[in-house]
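Colleague: I would like to go through the labels used for this model and the values behind them. Please set each one against its cut-off.

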Amino acid sequence: MTRAPGAAGPVGDAPVVVVGGGVVGLCTAYYLAAAGVPVEVVERRGLGSGVSRGNAGWVCLSHSTPVPAPGVLRYALRSLGRPDSPLYLRPLPDPAFVRWLWRFWRSSTPAAFRHGYAAVAELNRTTFDLFDGLREAGVDTTLTRPGMVHAFLSPAEARHHLAIQREMADGRYPLPDDVTTGADARLLDDALSTGVRAAYLVEGEGVVDPEAFARALGEALAAAGVKVHENAEATGFRSTGGRVTALRTAQGEIPCSAVVVAAGMRSPGLLRALGSSLPLQAGKGYSFSVDLDPAPRHTLYFGERRAVASPIGATTRIGGTMELSGNNNRLDWRRVVAVALASRHYLGRWFDDPDDLVGLIRDPWVGGRPFLPDGLPVIDRVPGHDNAYAATGHGMLGVTLGPVTGHWLAEYILTGRRPGVLTPFRFDRLRS
């Protein structure tokens, strides 16, 4: 996928305009610019300021699974009235939300889950190669690959989880033969507490500082001559004969040869302006940073409580929960406390009383991760438009799938032919 420097864009001399300055949008812009295409990026706030900022930073194969899975909605229904549940459902008097839940439930069959997992696994096949390529090109990805420790309070639960993971992995990434139990489990990472009774390590799994990664992508784009419009609100499009000719912003119009909508939870509003409906719901996640002693050396997955911890820079980022409570970014402090309490089962009593948390944690964050009801992203041309594309709905996998999404979508835009790996992420699958 190469293009001579200074060559015209895929359909003209105007730039391809990417709407959205998160990891997915920035990676798409990067690969287009690397192919010699003029590109501009439009972000309503600052680069990497949305969901890309506060996530756990995982770059992983072993947890790249669709959220809809057998039994997950039943688990969510049990969370009603329990704001401390790892998966929290708060019903809304909104027909669109009810329809989304219905489609989510229909996507939670074993067959649908396996189909989704296989699609993401195939897309993910070159993830680490692309991260290596970014680093070799001078982008400070901040990627390290310490591996991921899966920690459990029960050996039976650990073995059950490992068995399922082995079946789904199908040899795509290395897994241990068995779990480590008893006191030996805590030898996998010094940060684990005596409450951990079983654990296993998936080698090679990675972590980045997501905010720093987004910043590095922005710097690489600037060095390549890409114009970045920050604090610029995209409001619509000017179209002629099924082609977008300009992006409208609060500051004026930006002529374009093509447009990519990669704006997370703001994507549906923009796509409606192009005549397409996208049923996105926000799966709200929470995180915060804390100094631990000892700090984790690996990324950690806390099995029973579905919380996580990541070594990011000199701090540990702890995150978790999936809150389905509408498309908003309201921070519910009870959910922050719930994540902290969940982590204490695995990290020990790093705090004594929830009232202590205000002074211990930094950067409490909530983000509305964009989810489609089948748990897969849309990476496709927008129906009815020759030169409009969408890349959104990545849920918790935006950092992991950012480079592969950008790479393959750039190829689609440049060649006009959909790469086979993107077939499961077509727009028209959502019409059924």
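Colleague: Why is aspartate 332 called buried?

Modeller: The relative accessible area of aspartate 332 is 16%. Buried means under 20% relative accessible area, exposed over 50% and partly exposed in between, with a 1.4 Å probe and protein chains only, so aspartate 332 counts as buried. This is a predicted model, in which local features need pLDDT of at least 70 and side-chain atom pairs count only at pLDDT 80 or more, while totals for chains, interfaces and linings use all residues. Residues are numbered from 1 along each chain as its sequence is written, and side-chain values use heavy atoms, with hydrogens and water left out.

Colleague: What makes arginine 334 and aspartate 332 a salt bridge?

Modeller: Their side chains meet at 2.9 Å, N to O. A salt bridge is a side-chain nitrogen of Lys or Arg within 4 Å of a carboxyl oxygen of Asp or Glu, so the pair qualifies. Arginine 334 has 48% relative accessibility and is therefore partly exposed.

Colleague: How do you know that aspartate 352 and arginine 349 form a salt bridge?

Modeller: The closest N and O atoms of that pair are 3.8 Å apart, which is within the 4 Å limit. Aspartate 352 and arginine 349 are both exposed. The search of the whole structure finds 16 salt bridges.

Colleague: Which parts does the salt bridge between arginine 362 and aspartate 291 tie together?

Modeller: The side chains of arginine 362 and aspartate 291 meet at 3.2 Å, N to O. Arginine 362 is in strand S18 (residues 362-371), and aspartate 291 is in the loop between strand S14 (281-290) and strand S15 (299-302), so the bridge ties together parts 71 residues apart in sequence. Helices (H or I, at least four residues) and strands (E, at least two) are DSSP runs, numbered from the N terminus. Arginine 362, at 33% relative accessibility, is partly exposed, whereas aspartate 291, at 52%, is exposed.

Colleague: Why are H5 and H7 called oblique to each other?

Modeller: The axes of helix H5 (residues 110-123) and helix H7 (residues 155-169) come within 10 Å and cross at roughly 60°. Axes are lines fitted to C-alpha atoms, for helices over the stretch in contact, and angles run from 0 to 180 degrees between N-to-C directions. Angles under 35 degrees count as roughly parallel, over 145 as roughly antiparallel, 65 to 115 as roughly perpendicular and the rest as oblique, so H5 and H7 are oblique. Phe113, Arg114 and Tyr117 in H5 meet Glu167, Met168 and Ala169 in H7; contact means heavy atoms within 4.5 Å.

Colleague: How do you know that cysteine 60 is in no disulfide?

Modeller: The nearest cysteine sulfur, that of cysteine 27, is 15 Å away. A disulfide is a pair of cysteine sulfur atoms within 2.5 Å, so cysteine 60 is in none. The structure holds 0 disulfides. Cysteine 60 is buried at 2% relative accessibility, and cysteine 256 is buried at 7%.

Colleague: What makes serine 62 buried?

Modeller: Serine 62 has a relative accessible area of 4%, which is under the 20% limit. Serine 62 lies in the loop between strand S3 (58-59) and helix H3 (72-77). Not counting residues up to four places away in sequence, serine 62 touches Met148, His150, Gln165, Tyr173, Val202 and Glu205.
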